[in-house]
Amino acid sequence: MESGDSGNLKLNKLRQLNSQNKKEDRPLNKEGKPYGRYYENKKTIFFDFETTTGRNDKESTIHRPYVVNTSEKEFIGKDCGLQILDDIVEKYGEIYDDKEKMHDVIDKCIVVKCIAHNCGYDFRFLQEHLHMLETLEKGNGLFTATGLYYSKGNGGIYWEGKKMKFKPAPDKKIVRIEMVDSLKVINMKLANFNKTFDLGDTKKEFMPYDFFTEENVEERYIKLSKVQNYIRRNYDGEYYKEFFENCKRWKCYKIKENLTTGKTKKERYIDIVRYSSEYCRMDCITLEKGYMKFRDMCLEACDLDIMDFVSLASLA
């Protein structure tokens, strides 16, 4: 992994010089091909992970993801990080056997931009799956990271000594993921986005994080009475009301049969993973709407696109 300014500062310089320069609009060289470098962002995705951080006995544990959401789709399970990468490469990846496109992906000319608030945290759950990874960091903070992800299949890149070669892979794809921390550009909590950017009904929702322990998430369907008691003991009445209104709105109520007493009895449960996923999705929507509104404000005020910069300081 490279860190510092070697890779991403070059990428950002390329983007700032050519962000409006589409490949088909460039002049042609002697071979009839577009001249010079270009930058293409195929898709911008706003994403967020939800993780377990402790157990029922109050002991802290390794942070383990169980849900990742975009504003359009959810991925649930211990392998949710792989699921979202597989989805991205399948939708926006380039075919290996298209050598020109593949080289453009490797050379950072074609990317999929993934934006998260405090991205340094979410990035940790994806970095092990990315290749040729480069990061731009300062202290414990991540400004941006970029790496390659490959779809499943045979063939692709291999090395002979120091020379890169390609084995035909007609069903395999490659994508360059570029992750950006929106917190470095909009330095405020996501909870403040609604008021700051006048987002109407779009806001950060309530989440009783301590209840989402490893055991409870693994169980997933928790008795309604247990959830009610926990929320009532630990939070004010307004949060109690908001939580159960969200459960109804997000269809988190489930009916299950309880056979522990020897008699069949239908009881109400809360699907807490469904709740967490919907909460996560609303975070992504709030981030996307706030980010895009701030982007429009900057374009109107100074004709600068925040997507071309990794921090507010670099924008100034």
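Predicted model: local features only at pLDDT ≥ 70, side-chain atom pairs only at ≥ 80, totals over all residues.

Residues are numbered from 1 along each chain as its sequence is written, and side-chain values use heavy atoms, with hydrogens and water left out.

**Stop 1: colour by confidence**

Select residues 1-11 to begin. Here pLDDT stays under 50, and the model has 25 contacts beyond four places in sequence for this stretch. Then pick residues 13-23, where pLDDT again stays under 50 and the model has 22 such contacts. Helices and strands in this tour are DSSP runs numbered from the N terminus (helices H or I, at least four residues; strands E, at least two). Confidence is lowest in helix α1 (residues 8-18), with a mean of 46, and highest in strand β3 (residues 74-76), at 98. Over the protein chain pLDDT averages 86, and 82% of the residues score at least 70.

**Stop 2: the whole fold**

Switch to cartoon view. The protein chain has 10 helices and 13 strands. Of its 316 residues, 48% count as buried, where buried means under 20% relative accessible area, exposed over 50%, and partly exposed in between (1.4 Å probe, protein chains only). Among contacts between residues at least 6 apart in sequence, 64% join residues at least 24 apart.

**Stop 3: the largest nonpolar core**

A nonpolar core is a set of buried Ala, Val, Leu, Ile, Met, Phe, Trp, Tyr and Cys residues joined through side-chain atoms within 4.5 Å. Which members of the largest core touch the most other members? Select F47, I84, I88, C114, I177 and M179, out of 26 residues in that core. At least two core residues come from each of β1 (40-54), α2 (80-92), β5 (110-116), α4 (119-123), β7 (141-150) and β10 (173-181). Helix α2 gives the most, with six residues.

Now centre on F47. Leaving out residues up to four places away in sequence, F47 touches a list of residues including V68, I84, C114, L126, M179 and C284. A second, separate core has 25 residues, among them V67, M207, I270 and Y275.

**Stop 4: a cavity and a pocket**

Rolling a probe the size of a water molecule over the atoms shows where empty space is left. On a 1 Å grid over the protein atoms alone, a cavity is a set of points where a 1.4 Å probe fits but cannot get out, and a pocket is an open set with protein on both sides within 12 Å along at least five of seven lines; lining residues have an atom within 4 Å of a point. Grid points are joined across faces, edges and corners, and a volume is the space filled by probe spheres set on the points.

Stay on F47 for the cavity: I45, F47, I84, L85, I88, C114, L126 and M179 line the largest one. About 40 Å³ of space lies there, and α2 gives the most to its lining, with three residues.

Next, move to the largest pocket, which holds about 820 Å³ of space. Of its 39 lining residues, E50, T51, T53, M207 and Y209 are the closest to its centre. Strand β1 gives the most to this lining, with eight residues.

**Stop 5: salt bridges**

The structure has 22 salt bridges, each a side-chain nitrogen of Lys or Arg within 4 Å of a carboxyl oxygen of Asp or Glu. K73 sits in the loop between β2 (60-70) and β3, and D87 in helix α2, 14 residues apart. K73 is partly exposed, at 36% relative accessible area, whereas D87 is buried, at 16%.

Go on to K113 and E178, whose closest N and O atoms are 3.4 Å apart in a salt bridge. K113 lies in strand β5 and E178 in strand β10, so this pair ties together parts 65 residues apart in sequence. Both residues are buried.

Then select K184 and D181, which form a salt bridge (2.8 Å, N to O). D181 is buried at 0% relative accessibility, while K184 is partly exposed at 23%.

How values were computed:
pLDDT = per-residue confidence, 0-100. Contact = heavy atoms within 4.5 Å.
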